[in-house]
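Visitor: Could you walk me through this one, with the criteria behind the terms as we go?
Guide: Gladly; here it is, and we can begin with a definition.
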2 protein chains.
Amino acid sequence: MPIASRIDEVRSIVRRVRGNGDSVGLVPTMGALHEGHSALLRRARQTDDFVVVSIFVNPTQFGPSDDFEKYPRQLEKDAAVAEELGVDLVFAPTAEEMYSPDSCTYVEVGELTEELCGAFRPGHFRGVATVVSKLFNIVSPDRAYFGQKDYQQLLVIERMIRDLDMPVEIVACPTVREADGLAISSRNEYLTPEQRSAAPAIYQALQKGAEAVRGGASAKEAEAMVAAHIENEPLLELQYARAVDPHTLAEPGSAGPPILLAVAAFAGDTRLIDNIVVEE
Amino acid sequence: MPIASRIDEVRSIVRRVRGNGDSVGLVPTMGALHEGHSALLRRARQTDDFVVVSIFVNPTQFGPSDDFEKYPRQLEKDAAVAEELGVDLVFAPTAEEMYSPDSCTYVEVGELTEELCGAFRPGHFRGVATVVSKLFNIVSPDRAYFGQKDYQQLLVIERMIRDLDMPVEIVACPTVREADGLAISSRNEYLTPEQRSAAPAIYQALQKGAEAVRGGASAKEAEAMVAAHIENEPLLELQYARAVDPHTLAEPGSAGPPILLAVAAFAGDTRLIDNIVVEE
């Protein structure tokens, strides 16, 4: 399994693959591969002839007080995971390969990026949309695989693809959870044992909120219920608990499904996010 | 020669062409095809196996006081020109085909879009970069052809392609001029006979400025000379005359070439632009 660090290497490998009439699937990641990524890679392996995983801790999606420096980097271990799962190519560029010093072009997805995480992480989704555009242009995949855990990211990328007519199909994959319900994330490894024990309260809170929405609760009532459950856990500090329209991220028109319940909470310095979509 | 108005038609035609191993060239236009466009189309015809011309008066690159409504639209005549030049496909979508009502994604090329025309037409280059991205994603050309008359547009698109790793090569083609030096533009047809007689003063001014730069004049001196020549023509109203670095559009580091001399001036309501690059 080749590990390419240069854009031209990837282009030339993919050109050959396409020449054979094979389909290409891309799983964009920041590395530190875990079960959530493995599920995406297995799904890609089932669907596409040639599977590419990109591993790039993208500086432009981190804010100044975010964890860019300490974000886990473990290329060798990640490559072993990818190989084990039958991945065909790892693309692991440096920041210098991805960004010229005078790079000044960004992809901005309006509105959708102002809500939820976007309200607390200015520039984050601009960085995500830009790097994903670049990866699409480099790999030219038929399909790209994203997890529903990063729900807003998924929505932003789907909107970007639609608005810019990008010739890529998005495959959304369900959130993978630990046995106690905690959504799997590369950031879970920052948690102390005590914080790790407290963290499942996030998903419990979302489940309670979802039950209430199914029972006819308004968005405001569901938000209050989710917030209360999390605020009851002393090791968690709530950043937001929102109940919104799952397509627009705006206030829902009426009580009841469909509703997206989304949460961000800190355990110490570690920011955790999770969500549930209550379908109609 | 087919005229496609739908994105999926274009994709399916281009897919077939690529399947044959043929190269694809795109000439993006707003229609009202003139000799400048013909030069681009001839150049594309020489280089690429399959030549696409897009004809779309893109609303997102016009400001509220710009000439979107009155911009000339003449699809039948344009199609005849394209056919005559051996074009393989005309893509002439409606605004509804290109933009969803809730479209909210834009490509922003920073810095380069703040100077020259960008300073007077806020949002213009954002609209250009966005629609060109869309056209690239729809047509997936090997090469796209742009005229040097719209110098800043060319630079913005080249930067966008580099920054976002778009797999497209840009072919820049020289400005085509009338016998008296006036740069050919779809907007020239707005001019009254008197304005048309006055308009060549723009290119004369640029030539004077270029001569001065070659003779060692500073950017400021060249700007003043260009401005004075245009201001001497009562039927022209200068918007800007600038002498800048041709790569960054910033103040040049030193006197002498390379320098971009760029002008925008009004003849009545008609905005005319032109430029000369004084090479090293």
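Guide: Two strands pair if DSSP finds at least two bridges between them, and strands (E, at least two residues) and helices (H or I, at least four) are DSSP runs numbered from the N terminus. The model is predicted, with local features needing pLDDT of at least 70 and side-chain atom pairs counting only at pLDDT 80 or more, while totals for chains, interfaces and linings use all residues. Residues are numbered from 1 along each chain as its sequence is written, and chains are lettered from A and ligands numbered from 1 in the order in which they are written.

Visitor: OK, what stands opposite A:Ala241 in E9(A)?
Guide: That is A:Val263, and the strands concerned, E8(A) and E9(A) (residues 259-267), pair in the antiparallel sense over seven bridges.

Visitor: And which sheet has E8 and E9 in its order?
Guide: It is an open sheet of three strands in chain A, ordered E8-E9-E10 with antiparallel pairing; E8 (237-244) and E10 (270-278) of chain A are the edge strands, each pairing on one side only. Neighbouring strands are turned by 10 degrees against each other on average, direction ignored, where axes are lines fitted to C-alpha atoms, for helices over the stretch in contact, and angles run from 0 to 180 degrees between N-to-C directions.

Visitor: Which helix packs on the sheet?
Guide: Helix H10 (residues 219-231) of chain A does, touching E8 and E9 of chain A, and its direction makes about 160 degrees with that of E8(A). Contact here requires that the C-beta atoms of two residues, placed from the backbone, lie within 7 Å.

Visitor: Switching topic, how many residues does each chain give to the contact between A and B?
Guide: Chain B gives 25 residues and chain A gives 25 residues. On the side of chain B that touches chain A, strand E5 (105-109), helix H6 (124-139) and helix H7 (151-163) of chain B each give two or more residues, and E5(B) gives the most, with five.

Visitor: How does E5(B) pair with strand E5 of chain A?
Guide: E5(A) (residues 105-109) and E5(B) pair in the antiparallel sense over five bridges, and one bridge joins A:Val109 to B:Thr105.

Visitor: Last one: what are the domains of chain A?
Guide: The assignment gives domain 1 (3-173) and domain 2 (186-275), with bounds that come from an automatic or database domain assignment. Their C-alpha centres lie 26 Å apart, and the contact takes 13 residues from domain 1 and 13 residues from domain 2 of chain A.
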